[in-house]
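Subject: Structure handover

Hi,

Here is the structure for you to look at. My notes on it follow below.

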Amino acid sequence: MKEFIEMLRKIKPNVDFENEEALVDDGILESLDIISIISEIADKYGVVIPSDEIIPDNFNSATALYELVDDLK
């Protein structure tokens, strides 16, 4: 998980990914951030996130996103 959070920090350095639980709902992550995260996940983990999984619940926290990637592996 630590490595995963470091990847997220490279995309959005000023976000507290360990504690934030409303990244999308609070507007912390914007659409371009999400596209960058999806691309980085594909490059780093070889996981393609299907369009039907690109929903706020899956991107509101680093934990939710990590679990999604883990489930898709």
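First, a term: helices are DSSP runs of H or I with at least four residues, and strands are runs of E with at least two, numbered from the N terminus. Bear in mind that this is a predicted model.

**Overall**

On that definition the protein chain reads α-α-α-α along the sequence. It has 4 helices and 0 strands. The C-alpha trace spans about 25 × 25 × 20 Å along its principal axes. A compact globule of 73 residues would have a radius of gyration near 11 Å, and the protein chain agrees, with 11 Å. Buried residues make up 34% of the 73. Take the contacts between residues at least 6 apart in sequence: 55% of them join residues at least 24 apart.

**Helix H2**

H2 covers residues 31-45. Which residues of H2 are buried? They are Asp33, Ile34, Ile37, Ile38 and Ile41. These cover an arc of only 135 degrees around the axis, so they sit on the same side of H2.

What do the buried residues of H2 pack against? Their partners are helix H1 (2-11), helix H3 (56-59) and helix H4 (62-72). After H2 comes Gly46, with a positive phi near 65 degrees.

**Core**

The largest nonpolar core has 19 residues. Leu8, Ile41 and Leu65 have the most contacts inside it. H1, H2 and H4 each supply at least two residues of this core. In soluble globular proteins, nonpolar side chains tend to be buried together.

Ile41 is worth a click. Leaving aside neighbours within four places in sequence, Ile41 is in contact with Phe4, Met7, Gly46, Val47, Ile49, Leu65 and Val69.

**Aromatic pairs**

The count comes to 2 aromatic pairs. In one, the ring centres of Phe4 and Tyr45 are 5.9 Å apart and the planes are at 50 degrees, so the pair is tilted. Phe4 lies in helix H1 and Tyr45 in helix H2, so this pair ties together parts 41 residues apart in sequence.

Phe4 also pairs with Tyr66. That pair is edge-to-face, at 5.3 Å centre to centre with 75 degrees between the planes. Here, too, distant parts of the chain are linked: Phe4 in helix H1 and Tyr66 in helix H4 are 62 residues apart.

Is Phe4 buried or exposed? Buried counts as under 20% relative accessible area, and Phe4 has 1%, so Phe4 is buried. Tyr66 is partly exposed, with a relative accessible area of 32%.

**Glu53**

Where is Glu53? Glu53 is in the loop between H2 and H3. At 25% relative accessibility, Glu53 counts as partly exposed. Its contacts, leaving aside neighbours within four places in sequence, are Asn58, Phe59 and Leu68. Glu53 and Leu68 are 15 residues apart along the chain, and their C-alpha atoms are separated by 8.3 Å.

Best wishes

Note on methods:
Residues are numbered from 1 along each chain as its sequence is written. This is a predicted model: local features need pLDDT of at least 70, side-chain atom pairs count only at pLDDT 80 or more; totals for chains, interfaces and linings use all residues. Side-chain values use heavy atoms; hydrogens and water are left out. The expected span of a helix is 1.5 Å times one less than its number of residues. Buried means under 20% relative accessible area, exposed over 50%, partly exposed in between (1.4 Å probe, protein chains only). The arc is that of the directions from the helix axis to the C-beta atoms. Contact means heavy atoms within 4.5 Å. A nonpolar core is a set of buried Ala, Val, Leu, Ile, Met, Phe, Trp, Tyr and Cys residues joined through side-chain atoms within 4.5 Å. Rings of Phe, Tyr and Trp (its six-membered ring) pair if their centres lie within 6.5 Å; planes under 30 degrees apart count as stacked, over 60 as edge-to-face and the rest as tilted. The radius of gyration is taken over C-alpha atoms; the globule rule is 2.2 Å times the number of residues to the power 0.38.
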